[in-house]
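Visitor: I am new to protein models. Please walk me through this one.
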Amino acid sequence: MGGAGFRRLGWTVPFSLVGTFHQLTIADGGNACDATIGIWPPPARLTEPERAIAARLSAHTAQTRPTLDWSVADLAAPAPRKPSTGSGTCHGALLVATGQLDAFLLLGAGSWDIAALIPIVQEAGGVFSDLVGQQRFDTGAALFARPGIHQQLLDIAASD
């Protein structure tokens, strides 16, 4: 890469890219019934209690990505696409931070999957918790959401 730029960690960054950063901001408010939520992994990889939670959330929100029947573990169904086009399992949390999803639920999450995403979503104005509302990343569940719908989603997840 010839031309003007500066070096950072062995990479040459063209001056044309410098200063193109944007502040992430998540809108507050809203209603869960109007929300678009990403859920991962697909039902076939979830336990029965996890499928029940995913099915309740899917039934009480406007749209779920991927669009699946979350109450059934269909092992013969083709593998669905992740809720995003990103390569990582937790790319959905970044979609919350950028306002492209209202919420993202990752079930079976390891701390290594979500630890770096928590400050990104929180700095953008979003909320992170496990499914009981605690800010813990060692429970296997991670809910990233707009602040106005976070508690609503927790209430839906906890209902029977």
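Visitor: Which residues does A55 touch, not counting residues up to four places away in sequence?

Guide: This is a predicted model, where local features need pLDDT of at least 70, side-chain atom pairs count only at pLDDT 80 or more, and totals for chains, interfaces and linings use all residues. Residues are numbered from 1 along each chain as its sequence is written, and side-chain values use heavy atoms, with hydrogens and water left out. Contact means heavy atoms within 4.5 Å. By that rule, A55 touches W70 and S71.

Visitor: Where does A55 sit?

Guide: Helices are DSSP runs of H or I with at least four residues; strands are runs of E with at least two, and both are numbered from the N terminus. A55 falls within residues 48–59, and that stretch is helix α1.

Visitor: What distance does α1 reach from its first C-alpha to its last?

Guide: The expected span of a helix is 1.5 Å times one less than its number of residues. α1 has twelve residues, with 16 Å expected. The model comes close to that, at 16 Å.

Visitor: Which residues of α1 are buried, and what covers them?

Guide: Buried means under 20% relative accessible area, exposed over 50%, and partly exposed in between, using a 1.4 Å probe and protein chains only. In α1 the buried residues are E50, R51, I53, A54, R56 and L57. Their cover includes β3, β5 and α5.

Visitor: In what order do the five strands of the open sheet come?

Guide: Two strands pair if DSSP finds at least two bridges between them. The pairing in this open sheet is mixed. Its edge strands, β4 and β6, each pair on one side only. The order is β4-β3-β5-β7-β6.

Visitor: Which residue in β4 is the bridge partner of G38?

Guide: β3 and β4 run parallel, joined by three bridges. Within β4, G38 has as its partner R65.

Visitor: At what angle does α5 run to β7?

Guide: Axes are lines fitted to C-alpha atoms, for helices over the stretch in contact, and angles run from 0 to 180 degrees between N-to-C directions. Helix α5, residues 147–158, lies across β3, β5, β6 and β7. Its angle to β7 is about 145°.

Visitor: Is the peptide bond from R65 to P66 cis or trans?

Guide: Most peptide bonds are trans. P66 is in the loop between β4 and α2. The bond from R65 to P66 has omega near -5°, and is cis.
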